[in-house]
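Morning, everyone. Have a look at the structure first.

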Amino acid sequence: NGSGFNLLHRPPNGKPTSTWGGSVIYKNETGMYHMFASEISQSCGIHRWTTNSFVVHAVSKGEKDDWRFEKVGDPVLPIFSHEPIVTEAPDGTLALFVTFYPNGSVADCPTCTCSDGTSASGGSSCNVECGCGVNKTMFSYFTTSKSPYGPWSPLQSLCATQVSGFGNGTCEQANHPRLSPQIDLNLAPVILPNGTLLAWTRWDIWRSDDWRDPIKYEDIGQ
């Protein structure tokens with residue numbers, strides 16, 4: 001699953017839990033490594049990411065813990081949230097970038113209940129991936145915090161750059177195969193020491209003169 005987190009964590013119901021990814025940052029103030037990962041609810045696997053994914057926070061002392069991560073606190077973001085990437089700004093602010101849909105499942109298919117961390121354990125219909133639902137969106141957002149434990153700021157949308165290529169553009173459907181509100185970007189940003197940002201997506205590179213201002217984000221192509 002990319003993080004190994006599911007091999008080490010079982011929620012209160014005792015069932016194995018699958019995760020996707022795992023973005024890690026070390027904070028001197030806490031002496032801990034902090035991971036932000038997508039957890040797939042109801043003990044399902046990654047096939048059910050569009051219906052079951054939410055973002056969790058886990059911590060480790062690194063080598064002292066044999067690199068085992070333990071989940072802490074409440075979910076950082078609810079269903080549907082996916083593909084968290086955490087990065088640190090020059091002033092120490094943490095920025096967490098995610099794919100997010102504000103109204104629950106981003107798919108139109110039913111939410112499955114599984115038993116062993118795999119989608120197949122929920123039945124044959126659960127072992128099939130669902131795409132984005134009709135009139136639903138997979139926009140990239142970011143939220144910020146001074147601490148990996150939160151509180152996290154209200155989400156800021158990057159939908160204009162995702163659909164039109166410019167932060168001051170439109171969030172409406174574009175007539176472009178790569179600029180779609182219904183395809184997640186796998187956005188992977190880095191904030192540079194001068195406060196500018198570079199980010200990789202499924203297809204293109206983004207940049208911004210000011211990582212805090214969504215209007216200044218732009219898609220600069222491949």
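Surface first. The chain exposes about 10,400 Å². Carbon and sulfur atoms supply 52% of that area. Bear in mind that this is a predicted model.

Now charges. There are 15 positive side chains and 21 negative ones. How far apart do the centres of the two sets lie? They lie 4 Å apart.

On to the fold. We have 2 helices and 12 strands. From the N terminus, the order is β-β-α-β-β-β-β-β-β-α-β-β-β-β. The radius of gyration is 17 Å, close to the 17 Å from the globule rule for 222 residues, so the chain is as compact as a globular protein of that length. Along the principal axes, the C-alpha trace spans about 45 × 45 × 30 Å.

Next, packing. Of the 222 residues, 49% count as buried. Take the contacts between residues at least 6 apart in sequence: 53% of them join residues at least 24 apart.

Let's zoom in on one residue, Ala-37. It is found in strand β2, residues 32-40. Is Ala-37 buried or exposed? Its relative accessibility is 1%. The cut-off for buried is under 20%, so Ala-37 counts as buried.

What is Ala-37 in contact with, leaving aside neighbours within four places in sequence? Trp-20, Gly-21 and Gly-22 are on the list.

One last distance. Ala-37 and Gly-117 are 80 residues apart in sequence. In space, C-alpha to C-alpha, Ala-37 and Gly-117 are 15 Å apart.

Terms used: Residues numbered from 1 in each chain as written. Predicted model: local features only at pLDDT ≥ 70, side-chain atom pairs only at ≥ 80, totals over all residues. Heavy atoms only, no water. Helix = DSSP H or I, 4+ residues; strand = E, 2+ residues; numbered from the N terminus. Rg over C-alpha atoms; globule rule 2.2 N^0.38 Å. Buried < 20%, exposed > 50% of the residue type's maximum accessible area, 1.4 Å probe, protein only. Contact = heavy atoms within 4.5 Å. Areas by Shrake-Rupley, 256 points an atom, 1.4 Å probe, with all protein chains shown as cover. Lys, Arg positive; Asp, Glu negative; His and termini not counted. Charge placed at Lys NZ, Arg CZ, Asp CG, Glu CD.
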